[in-house]
Amino acid sequence: MPIVKASELAYCRFQLPDLELAEQFLVDFGLMRADEQDGKRYYRGTDPHPYCYVVEEGEERFLGFGLYAKSREDLNIVAAATDATIEELSAPGGGVCVRLKEPNGYDIDLVYGIRAAEPIEVPRQPLNSAARPFARTNEFYRLNPDGPTPVRRLAHVVIATPQVGETVNWFKETLGLISSDDVVAGPEKDLFGSFMRVDEGDKFVDHHSVFVISHPTSGLQHVSFEVQDLDAVFRDHHYLKSLGRYEHLWGIGRHLLGSQVFDYWSNPFGYSHEHWADTDRLNADVPSNVCAVEEGLINQWGDAVTSKFRQGVKV
Ligand SMILES: [Fe+2]
């Protein structure tokens, strides 16, 4: 049995040397500044979480990420089991936090009691398709031509590590994550990576919230954000391209594992950021699948994985 079963992702945290440059990318990418407190800047999407991205000034480093606990009691249980302390969060929406370390040294925060913010409405029109030919009638399809489409939420984090087994076990044993797809390699079928989702019982959740993948060094492989819909993935690809400021890493395509329509961009510091729409949503009834590493990065359509995407691991 795991110590607790965590709920969805709360935020990711970065330390970066130029807050203005960091912000310009985040705003161009579709996140919005929510607050600034004690030298930290907080960014949000359109869902009701008051923030999902935290940046503080300093040497370039991915600091870690947070997940919501299902109850205040779960924080007490984790704190007691790991000898950690429960601290007040001095951040938008308040709340409390237990800060843990996963095997690669990244901070993993289990948080509770962060007050929700008002969601931000983004008007979207229905799409006509073969199955639903009259979803939109007597109405012309028009997208807002100005600026990026607001991002919905932080969706997953991918940790690269030479210690795959240990890292996967840590997330399973400490936070109750369960495998959606275990990726194996070689004649011994060694674990090469694991796409893990949170265990919410009957409730449907994203195919993965955390993906741990084998790599010679530890680092962040990418952080990933759900956008409004498929149009937002495509439109914002062209929007980011039109700015001429950022390096495109891979996409657009549709993943096999997780099934998202994706697009990857590097921020100015070399950290990979993903936009996606449409993922598989599973509840805890679906057993874990095992697949070969050759299948792991296959697209259902779109260009093959690029070397700059694969090599883009940064501490
Ligand atoms: Fe991803």
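Which relative accessible area does Glu36 have, and is Glu36 buried or partly exposed? Glu36 has a relative accessible area of 38% and is partly exposed; buried means under 20% relative accessible area, exposed over 50%, and partly exposed in between, for a 1.4 Å probe and protein chains only.

This is a predicted model in which local features need pLDDT of at least 70 and side-chain atom pairs count only at pLDDT 80 or more, while totals for chains, interfaces and linings use all residues. Residues are numbered from 1 along each chain as its sequence is written, and side-chain values use heavy atoms, with hydrogens and water left out.

Side chains of opposite charge can pair when their charged atoms come close. The structure holds 24 salt bridges, a salt bridge being a side-chain nitrogen of Lys or Arg within 4 Å of a carboxyl oxygen of Asp or Glu. Glu36 takes part in one of them, with Arg33 as its partner. Arg33 is partly exposed, at 37% relative accessibility.

Asp107 forms salt bridges with Arg99 and with Lys101. Asp107 is buried, at 10% relative accessibility.

| Salt bridge | N to O distance |
|---|---|
| Arg33 and Glu36 | 3.1 Å |
| Asp107 and Arg99 | 3.9 Å |
| Asp107 and Lys101 | 2.5 Å |

Asp107, Arg99 and Lys101 also belong to a network of salt bridges that links them with Arg13, Glu56 and Asp109.
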